[in-house]
Protein chains: 2
Amino acid sequence: MEIYQSRMKKAQEMLSGLDFGLMALFPSSNMLYLSGFYDEPGERLLFLLVPREGDPVFLAPELYGQQIKQESPVQDVRIWKDSDGPVNLLERTLAELDLGDERVLVDDRMWAAFLLTLKEVLPKASLELASQVMMPLRMQKTWDEINCLERAGEMADRAFENIVGLDITVMTELDLAAALEEVMIKHGSEKIAFETLVASGPNSALPHYRAGRRKIEPGDVVVLDYGCRYQGYCSDITRTVVCKATSEDVRAVYEIVERAQEMAVQAVRPGITAQEVDRIAREEITKAGYGERFIHRTGHGIGLDVHEEPYINDGNDLELKEGMAFSVEPGIYLQGRFGIRIEDIVVVTETGAKRMNLSTHDLQVVG
Amino acid sequence: MEIYQSRMKKAQEMLSGLDFGLMALFPSSNMLYLSGFYDEPGERLLFLLVPREGDPVFLAPELYGQQIKQESPVQDVRIWKDSDGPVNLLERTLAELDLGDERVLVDDRMWAAFLLTLKEVLPKASLELASQVMMPLRMQKTWDEINCLERAGEMADRAFENIVGLDITVMTELDLAAALEEVMIKHGSEKIAFETLVASGPNSALPHYRAGRRKIEPGDVVVLDYGCRYQGYCSDITRTVVCKATSEDVRAVYEIVERAQEMAVQAVRPGITAQEVDRIAREEITKAGYGERFIHRTGHGIGLDVHEEPYINDGNDLELKEGMAFSVEPGIYLQGRFGIRIEDIVVVTETGAKRMNLSTHDLQVVG
């Protein structure tokens with residue numbers, strides 16, 4: 001519990017320093033990070049109200065009252081009942097807090113329904129995003145947090161080892177996704193970090209396609225993108241495999257992606273900018289003639305959220321610092337044919353980068 | 001694809017009728033309902049912009065461009081690149097649309113980060129919630145939609161039958177949750193409808209507790225709350241079982257909940273109000289002396305979202321109509337001891353209610 005209290009103290013100091021009166025958090029990784037309590041967002045208003053001074057307050061539906069007190073050091077939990085609704089309690093609670101001139105931070109992922117409710121209760125407030133305070137706190141991971149990322153990464157690696165031994169020619173994409181999720185849980189993952197992506201054949205050319213009912217066929221390229229959780233921290237790994245046999249075309253494109261990924265990882269060190277890492281992967285792919293087919297950024301930060309800052313893309317001149325954790329995942333997508341992506345999580349060390357994923361990059365022929 | 005075009009037309013007529021210039025949807029069930037396209041919300045701005053007249057427009061990050069055109073009849077897909085960001089494209093696109101006096105609807109679950117971006121681009125806009133238009137469209141289900149709810153309910157029933165045969169005394173809550181999820185997928189569920197809840201022993205007294213590392217012990221009350229998906233439509237079922245053996249205390253409380261649930265379901269028919277259904281369950285539990293321990297509403301609507309309107313709670317005087325689908329799930333929660341909840345989904349018929357879950361309500365002794 002002490003860790004949450006010390007984080008809360010830092011957050012309140014930052015609120016004060018930046019002259020915000022209040023930070024209103026919604027069920028999110030920010031809420032978990034500061035309070036130890038989390039549940040999926042729901043339609044019932046649930047706020048953690050962090051004033052710049054004094055004790056933070058949970059405003060919660062009745063069914064959470066007991067659970068929050070058990071899981072969080074925040075002990076001022078104010079309960080509203082389904083039959084009353086939350087608005088009166090929100091008004092009374094905000095009136096008690098000293099909001100200054102009503103500069104208020106709201107959780108970046110707060111639902112519009114709650115933001116508009118807050119705006120109704122505080123019509124004069126100017127609203128900005130809580131990431132201003134939360135991201136500087138969360139972006140450089142502590143040793144404990146890096147350990148969690150490493151454990152989550154190991155589970156994902158072990159799941160991949162299990163998968164390459166399967167006969168995937170008897171499976172649909174959804175079957176393979178279910179098999180992956182089963183081994184993730186078996187290896188100790190608390191839950192999956194995000195919906196498992198299994199994209200086979202031409203579907204592999206769609207970077208955000210999810211698993212579907214398509215049967216995996218010999219000759220298919222199959223992109224596997226999945227992640228585990230350990231103490232709330234995520235892993236995220238992508239491996240591209242081929243079913244039964246491969247062609248020279250596939251192998252050639254695979255090698256370009258593999259090289260681009262390796263060069264970008266090798267470039268990571270304190271002081272390099274995020275966009276520079278992106279540029280290194282992108283130039284390698286462009287040089288090979290596929291620049292237009294690398295249709296996303298090189299990576300994203302990771303921690304309690306699967307996607308968080310720092311984003312590794314052109315235009316982001318953030319200098320990387322020790323303890324930052326992010327993915328390096330270039331890809332090439334050939335519409336109607338196939339796609340290739342290789343992704344590892346790395347953490348910036350004093351002198352370079354440490355990989356959280358150690359599964360082989362050699363093209364695996366599966367099934 | 002025609003179904004999406006006809007829904008879009010209705011939505012635009014309602015926008016026009018209510019004098020809104022624009023509805024901005026975010027990745028959500030609303031987006032899926034109107035366009036056929038859905039993915040999990042992410043940090044990249046992705047809007048479906050529905051003007052009151054003329055063609056709707058997707059504004060999407062580059063990596064979705066191909067996928068949206070495949071999955072949706074909305075063919076005006078405007079792409080932004082990670083390196084450029086979305087704001088300029090959003091400005092240009094909104095300038096092309098005729099927004100009238102800028103009364104704009106936003107998706108109820110739109111993230112604050114995107115709502116504030118929209119507000120920046122349209123500083124004079126007055127924002128209200130899209131549910132004003134979407135809920136009247138979605139609340140009364142069509143025959144096809146009810147079929148999907150029924151299939152999703154059957155899968156959940158069959159998963160329960162598999163579970164009562166297991167030896168749960170060798171399992172933790174998380175093991176049992178994983179076993180449930182595995183049989184759900186086996187019975188054809190596309191994915192799970194929400195994170196499976198397995199609450200054993202004293203944890204069962206926390207209505208929103210998720211599965212944890214607690215080992216299930218003989219004598220435990222175990223609450224199982226889970227759901228499947230069929231063509232996007234959810235099921236949601238709760239059964240409370242006991243491990244190995246039960247006590248008279250547990251049985252007595254179970255019977256009260258069972259009776260309250262049955263009476264509420266029997267009361268459902270067109271014309272009764274949502275709060276009346278809540279009152280019937282609540283009075284039965286209050287009469288037995290546990291009114292204060294029934295700490296949530298009686299139910300929630302269900303469809304493409306696990307929780308949607310109509311909510312079955314005190315204060316909601318909405319009259320139920322044929323085709324509305326919702327849960328009936330009273331519970332009693334005794335802190336530090338145990339909790340009991342029984343939940344079925346029902347659909348309002350011409351004269352009463354049809355259950356989407358048929359699993360037995362008799363108290364099952366498992367393991």
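**Before you click**

This is a predicted model, so local features are given only where pLDDT is at least 70 and side-chain atom pairs count only at pLDDT 80 or more, while totals for chains, interfaces and linings use all residues. Residues are numbered from 1 along each chain as its sequence is written, and chains are lettered from A and ligands numbered from 1 in the order in which they are written.

**Stop 1: the core**

Select A:Met23, A:Leu25, A:Val106, B:Met23, B:Leu25, B:Val106 and B:Leu180: these have the most contacts inside the largest nonpolar core, which has 243 residues. (A nonpolar core here is a set of buried Ala, Val, Leu, Ile, Met, Phe, Trp, Tyr and Cys residues joined through C-beta atoms within 7 Å. Buried takes 20 or more other C-beta atoms within 10 Å of a residue's own, exposed takes 12 or fewer, and partly exposed is in between, with C-beta atoms placed from the backbone.) Helix α8 of chain B, residues 173-186, gives the largest share of this core, with nine residues. Helices (H or I, at least four residues) and strands (E, at least two) are DSSP runs, numbered from the N terminus.

Now zoom in on A:Val106. Neighbours within four places in sequence aside, A:Val106 is in contact with A:Ala24, A:Leu115, A:Leu118, A:Leu127, A:Leu129, A:Ala130 and, from the other chain, B:Ala112. (Contact means C-beta atoms, placed from the backbone, within 7 Å.)

**Stop 2: where A meets B**

How many residues does each chain put into the contact? Chain A gives 41 residues and chain B gives 41 residues. On the chain A side, colour α3 (65-71), α5 (112-121), β6 (126-129) and α8 (173-186), the elements that give two or more residues. The most comes from α5(A), with four residues. By class, this side of chain A has 17 nonpolar, eleven polar and 13 charged residues. (Ala, Val, Leu, Ile, Met, Phe, Trp, Tyr, Cys and Pro count as nonpolar, Asp, Glu, Lys and Arg as charged, and the others, Gly among them, as polar.)

**Stop 3: a covered strand**

Select residues 57-61 of chain A, which is strand β3; five of its five residues are buried.

Which strands pair with β3(A)? One is β2(A), residues 47-51, antiparallel over three bridges, and another is β4(A), residues 77-80, parallel over four bridges.

**Stop 4: two domains in chain A**

Colour 2-138 as domain 1 and 140-366 as domain 2 of chain A; these bounds come from an automatic or database domain assignment. Their centres, taken over C-alpha atoms, are 34 Å apart. Five residues from domain 1 and five residues from domain 2 make the contact. On the domain 1 side, α2 (29-35) and α6 (131-139) each supply at least two residues, and α2(A) gives the most, with three residues.

**Stop 5**

Most residues other than glycine have a negative phi, and most peptide bonds are trans. Go to A:Glu309 and A:Pro310: a cis peptide bond joins them, with omega about 5°. A:Pro310 is in strand β13(A), residues 308-312. Jump to chain B, where B:Glu309 and B:Pro310 are also joined by a cis bond, omega about 5°.

Next, select A:Lys244, with a positive phi near 70°, in the loop between β11 (237-243) and α9 of chain A. A:Lys244 counts as partly exposed because it has 15 C-beta neighbours inside 10 Å. In chain B, B:Gln231 has a positive phi near 45° and is in the loop between β9 (229-230) and β10 (233-234).

**Last stop: an arginine**

Is B:Arg44 buried or exposed? B:Arg44 is buried, because 22 other C-beta atoms lie within 10 Å. Find B:Arg44 in the loop between α2 (29-35) and β2 (47-51) of chain B, then draw a distance to B:Trp80: the C-alpha atoms, 36 residues apart along the chain, are separated by 9.7 Å.

Terms used
Contact = placed C-beta atoms within 7 Å. Pairing = 2+ DSSP bridges.
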